[in-house]
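Have the structure open and follow along.

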Protein chains: 2
Amino acid sequence: MTSLTAAKASQTPRVSDREMANAIRALAMDSVQRANSGHPGMPMGMADVATVLFNRFIKLDPSRPDWPDRDRFVLSAGHGSMLQYAIHFLLGYADMPVEELKRFRQLGSHTPGHPEYGHTLGVETTTGPLGQGIATAVGMALAERMLAARFGPELVDHYTYVIAGDGCLQEGISHEAIDLAGHLRLGRLIVLWDDNRISIDGPTRLSTSMNQLARFAAAGWHVQEVDGHDPEAVAAAIERARAEERPSLIACHTTIGKGAPNLEGSEKTHGAPLGEAEIAATRENIGWSHPPFEVPDEIIGAWREASARGRAAREAWEARLAASPQADAFRRAVSGEIPEEVFEALRAFRAEQSEKAPRVATRKASEMTLAVINGATELTVGGSADLTHSNLTLTNGLGVVQPGDYGGRYIHYGIREHGMAAAMNGLALHGGFVPYGGTFLCFADYARGAIRLSALMGQRVIYVLTHDSIGLGEDGPTHQPIEHLAMLRATPNLNVFRPADIIETAECWELALRSRNHPSVLVLSRQNLPTLRTASDSLPSARGAYVLREADGRRDVTLLATGSEVEIAVAAAELLKAQHGLNAAVVSMPCWELFEEQDEDYQRSVLGTAPRIAVEAAARLGWDRWIAGNGDFVGMNGFGASAPAGDLYRHFGITAEAVAERALAFAGTAGGQARNNN
Amino acid sequence: MTSLTAAKASQTPRVSDREMANAIRALAMDSVQRANSGHPGMPMGMADVATVLFNRFIKLDPSRPDWPDRDRFVLSAGHGSMLQYAIHFLLGYADMPVEELKRFRQLGSHTPGHPEYGHTLGVETTTGPLGQGIATAVGMALAERMLAARFGPELVDHYTYVIAGDGCLQEGISHEAIDLAGHLRLGRLIVLWDDNRISIDGPTRLSTSMNQLARFAAAGWHVQEVDGHDPEAVAAAIERARAEERPSLIACHTTIGKGAPNLEGSEKTHGAPLGEAEIAATRENIGWSHPPFEVPDEIIGAWREASARGRAAREAWEARLAASPQADAFRRAVSGEIPEEVFEALRAFRAEQSEKAPRVATRKASEMTLAVINGATELTVGGSADLTHSNLTLTNGLGVVQPGDYGGRYIHYGIREHGMAAAMNGLALHGGFVPYGGTFLCFADYARGAIRLSALMGQRVIYVLTHDSIGLGEDGPTHQPIEHLAMLRATPNLNVFRPADIIETAECWELALRSRNHPSVLVLSRQNLPTLRTASDSLPSARGAYVLREADGRRDVTLLATGSEVEIAVAAAELLKAQHGLNAAVVSMPCWELFEEQDEDYQRSVLGTAPRIAVEAAARLGWDRWIAGNGDFVGMNGFGASAPAGDLYRHFGITAEAVAERALAFAGTAGGQARNNN
């Protein structure tokens with residue numbers, strides 16, 4: 001926890017802070033110019049602040065970018081990516097030779113337009129959509145405190161630093177994030193605000209009169225303001241922030257594009273190259289005579305001292321870990337491996353429930369499953385956006401995370417879906433935890449920005465989205481999801497599970513836990529549903545779709561359904577047999593994404609060649625993939641309404657009778673002949 | 001602008017404020033009990049505040065709920081809908097007899113679970129998703145100032161009152177809303193915060209430590225706090241707020257479920273019926289001896305005095321309007337009718353561009369179209385979430401709306417997509433304006449909650465969403481939409497336009513302006529596109545899809561595309577002809593929703609019976625509706641990447657060659673024979 005300032009101060013600096021910062025400025029303006037695309041203004045404006053942060057404070061070892069006790073750095077203003085890439089080059093990250101700076105924003109480079117997690121070493125989270133970085137950092141800072149509560153300061157003792165811009169602080173997600181961070185007293189979170197009074201349209205006074213310092217103070221933060229071009233002032237502010245028990249905001253007064261003599265202070269430097277003439281003038285102005293992409297050895301050497309200090313800190317930490325009685329437990333936690341006991345317990349649970357065959361809502365089935373999971377591993381961390389007793393996400397004995405007391409495993413995220421989702425991304429990225437969190441499916445809308453980043457980053461974040469259709473009843477159309485399944489299914493790299501009963505629910509939870517590189521969404525009913533399945537060690541849900549009830553004889557029709565509508569499909573199949581002698585198979589499709597991954601033979605065996613009627617209490621969009629021009633869809637054609645659930649299913653015609661009628665239209669007279677439904 | 005307090009004070013009140021408020025309490029608890037569903041806690045807690053607000057201040061005439069100069073009331077905490085329904089019954093709204101209270105939350109009643117615009121008289125906006133009400137109210141309060149700037153206080157002089165709960169203030173959207181309102185000094189906006197320190201999970205201290213008064217003050221608001229059960233204190237606070245030039249927050253300290261002796265102050269009163277025993281105890285406790293749904297005539301009479309005052313105010317206003325030289329102009333503005341000159345100018349513009357056939361991005365085409373529209377009508381009000389020069393939403397001469405100066409027609413919404421969308425809902429709902437606003441298509445994510453409400457309320461809000469695919473290039477996957485078209489197309493009642501060139505862009509703008517009961521999304525390219533169409537008075541885009549290039553002979557294959565990929569489809573068709581002798585038709589599909597409304601004959605004539613290859617630089621989800629089991633899709637299978645646009649199209653295989661190859665696979669060998677692609 002001691003600062004690294006002492007090490008710096010004891011030397012006679014051969015290279016000034018300003019020279020070290022100018023290396024960032026030159027690399028940023030030259031890379032953007034070469035790419036003919038990018039954002040030079042922010043890296044040039046924040047170069048002085050970043051130089052102080054990285055050389056006097058941050059604890060990083062570029063040779064081990066995944067060292068668990070490293071400080072986390074989040075460039076929330078992700079458009080300023082050249083700031084981070086320039087620093088990574090100067091610090092000596094293995095994937096950031098100068099050639100990569102020359103390939104800024106080119107296909108396959110390590111220097112994409114915005115920092116991308118998993119793409120570039122040392123990038124802790126993907127940023128670019130504004131406000132996500134600061135909100136994700138809240139999750140990281142919380143994870144640090146939670147892991148420290150478990151393993152102590154010998155093993156877990158680091159800071160989370162954020163550079164944020166005006167955009168980050170204007171976005172609504174920042175409100176949710178800073179309220180949560182202030183409430184939980186995340187003192188290891190330090191936000192450096194690039195307070196340059198410029199946004200894309202021009203001066204920020206075009207659109208805001210917010211007193212940000214007062215705003216953060218109102219949220220329980222420690223606040224300071226400094227001249228962002230005065231290294232000693234910045235260093236002193238960071239020192240004070242580190243000593244604080246509250247999260248800290250440091251407003252750094254800067255000039256965007258600092259150093260460009262004709263353009264600095266203008267929004268023109270924000271998102272476009274400076275141009276060759278202004279770049280030449282800037283070289284003159286800042287006294288940087290070196291050609292593009294050349295940095296004198298002594299300046300690089302000065303930056304590498306920070307890397308060397310980080311390496312020493314990492315080695316000391318590794319020695320502490322080796323000597324720690326908690327070493328194995330710590331390694332297990334940060335590995336993120338779910339212990340086999342969890343899956344054994346889930347197998348037993350499914351066998352038991354298969355016997356009992358309860359009639360419960362899948363949200364209740366999820367709660368019962370979570371009790372098993374949370375009892376068998378300490379990795380899971382639950383929460384809800386103020387719908388705990390509706391989402392059923394809190395199981396016995398989890399303990400609640402509270403301000404200053406981080407030993408619990410349940411987080412009251414407040415009425416903050418977006419902040420919750422981003423914080424879960426941060427918890428997952430930090431390591432040591434498998435986060436899950438609940439809200440209503442409809443309010444996935446509010447969390448969209450962060451859900452997309454879970455998917456883009458391939459993080460194991462589990463969304464528990466209950467009240468998943470008109471089946472929620474009286475709350476009405478504002479609370480009844482229609483388009484949300486399509487929205488989530490269209491999102492790449494996201495597994496969307498809509499289980500039909502308690503057995504599928506337990507299977508889908510297992511699949512979500514096993515998905516190391518995907519977030520998962522569990523879409524769950526408010527209303528009770530029968531147990532339709534028996535337990536099976538082969539985990540049929542793992543194939544995404546499967547034949548739940550084969551037809552009694554050659555198939556005349558195949559009924560496709562998910563979740564609460566599988567019950568309706570089964571009833572329709574029985575009705576078709578009893579009243580019309582038609583053979584209907586019922587296919588449950590809890591996860592389209594997994595079904596798409598199956599081989600064609602399996603897909604054909606499930607879908608069959610008979611006409612197909614799909615039923616889901618949601619929008620049709622997407623279902624035609626499975627209907628494939630020979631069948632129809634029974635579902636929602638518009639928004640829902642406020643009424644008891646049973647009334648709504650009848651009103652909107654999502655009933656066994658309606659499904660049977662559509663099946664008859666396609667299979668009843670023509671014996672399964674293809675008919676185009678367009 | 002004078003308060004109505006004087007009228008009240010001059011009478012000897014036969015009925016006390018408390019009795020008037022208790023009528024709300026009784027109706028709320030009894031209706032929820034009868035529905036066995038709903039939220040009694042908030043109406044009971046805020047009954048005293050609402051009684052003061054509606055009886056001493058609000059200017060409403062229940063017999064003319066759409067009177068333009070009425071005050072606007074927004075129940076942002078929409079779950080407390082029984083507060084509003086009870087008040088509407090007491091004030092005598094025609095659609096709110098006591099029978100409707102008895103049908104609370106039943107199918108087809110005027111008393112749905114949450115207030116729904118267009119469903120219940122006097123409900124100014126749909127609420128329920130938290131934070132939307134307060135953010136929509138900002139748009140209403142802005143519309144009032146803007147309309148007043150045009151027509152003066154004789155015709156436009158009203159307040160916007162909001163009742164908001166803790167949830168509204170925790171949601172991120174509230175930050176965007178209050179920053180914008182404070183900045184624009186919307187002094188006619190008064191928010192009454194139900195500060196009851198309870199949310200669904202329990203005490204708000206579980207999840208927040210925010211000092212809301214300090215927070216609102218930081219945003220430039222006037223702030224007060226009062227005992228929400230002291231009518232005189234509430235009245236004095238509202239008086240002060242009305243006199244303020246800043247927007248006002250009044251924190252009303254209340255007890256949730258006030259009056260229920262065993263449950264008041266507990267989250268148990270929030271979202272469930274009190275139960276018969278507690279209801280009986282409450283009757284006893286508050287001295288309300290009347291049976292359920294019975295309110296003594298003298299209490300109803302006291303409430304109706306407020307209605308009578310509102311009626312008088314409305315009649316006086318109508319007299320002023322009749323005498324005003326601006327009467328016709330005012331009526332035209334609030335009618336929302338787009339003058340025919342706009343469409344004539346657009347027709348001329350299309351003819352002219354048809355001649356010139358420019359190669360421009362559709363975002364640029366949109367700007368050129370907007371110059372025509374904005375020049376021909378004063379109704380349109382533009383804006384952007386800090387991407388003005390990227391979205392190209394600002395045309396010459398609009399003038400910028402500024403704090404205290406509301407004569408302009410362009411709003412710098414700041415980096416606040418959600419707040420912008422909600423404010424546009426408010427502008428549209430208020431009347432007098434047709435709002436449009438821009439951001440990147442990818443950041444529709446941030447505005448999802450409010451876009452959904454535009455659709456649910458059927459408001460003519462126009463979203464200008466540019467940078468609509470990997471075609472945006474170097475900014476990379478965080479900025480490249482993939483699933484967004486599917487998300488928007490799956491949303492009921494929303495028209496999603498993706499024009500292919502300048503002619504289609506101008507057509508789609510016309511269609512958006514003509515859509516009185518739908519919001520529209522214009523999905524526009526960053527990259528330049530050729531003019532593919534000639535102008536046509538029949539407005540082919542109005543049918544949603546049409547044959548852009550018929551095949552040269554009997555169709556072997558039909559190529560379906562939208563937006564920037566229509567150019568690729570046209571090139572593929574030429575390539576198929578030249579290299580393989582295949583006859584390919586090209587269908588442009590700028591608006592699926594309008595195409596779905598066409599009759600089957602038209603749809604069949606466009607889609608044909610040959611195999612179909614769809615091409616769109618986005619997710620496949622939804623396209624199988626049009627492929628219908630006989631064809632394939634060329635598009636994105638995952639997230640994008642950071643590189644120049646041309647490199648990305650090649651990298652992801654979205655090229656004329658790739659389209660031709662898929663076409664050959666389906667049409668080249670089998671002569672158009674059906675082949676199932678599952």
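Helices here are DSSP runs of H or I with at least four residues, strands are runs of E with at least two, and both are numbered from the N terminus. B:Arg331 is partly exposed because its relative accessibility is 42%, and B:Asp328 is exposed at 52%. Buried would mean under 20% relative accessible area, exposed means over 50%, and partly exposed lies in between (1.4 Å probe, protein chains only).

Before going on, please note that this is a predicted model: local features need pLDDT of at least 70, side-chain atom pairs count only at pLDDT 80 or more, and totals for chains, interfaces and linings use all residues. Residues are numbered from 1 along each chain as its sequence is written, chains are lettered from A and ligands numbered from 1 in the order in which they are written, and side-chain values use heavy atoms, leaving out hydrogens and water.

Other pairs reach across the sequence. B:Asp179 forms a salt bridge with B:Arg416, their closest N and O atoms being 2.8 Å apart. B:Asp179 belongs to helix α8 (residues 172–183) of chain B and B:Arg416 to the loop between β10 (410–412) and α17 (417–430), so the pair ties together parts 237 residues apart in sequence. Both B:Asp179 and B:Arg416 are buried. Over all chains, the count is 88 salt bridges.

Now look at helix α4 (residues 81–91) of chain B, which is mostly covered, with eleven of its eleven residues buried. Its cover includes α2 (17–35), α3 (41–57) and α12 (297–323) of chain B, where contact means heavy atoms within 4.5 Å. After α4(B) comes B:Gly92, with a positive phi near 95°.

Finally, turn to where the chains meet. Chain B and chain A each give 102 residues to the contact. Together they bury about 8500 Å², 57% of it on carbon and sulfur atoms; buried area is the accessible area (1.4 Å probe) that two parts lose on being put together, summed over both. Eight salt bridges run between chain B and chain A. A:Asp475 and B:Arg105 form a salt bridge too, with closest N and O atoms 2.8 Å apart.

Key: A salt bridge is a side-chain nitrogen of Lys or Arg within 4 Å of a carboxyl oxygen of Asp or Glu.
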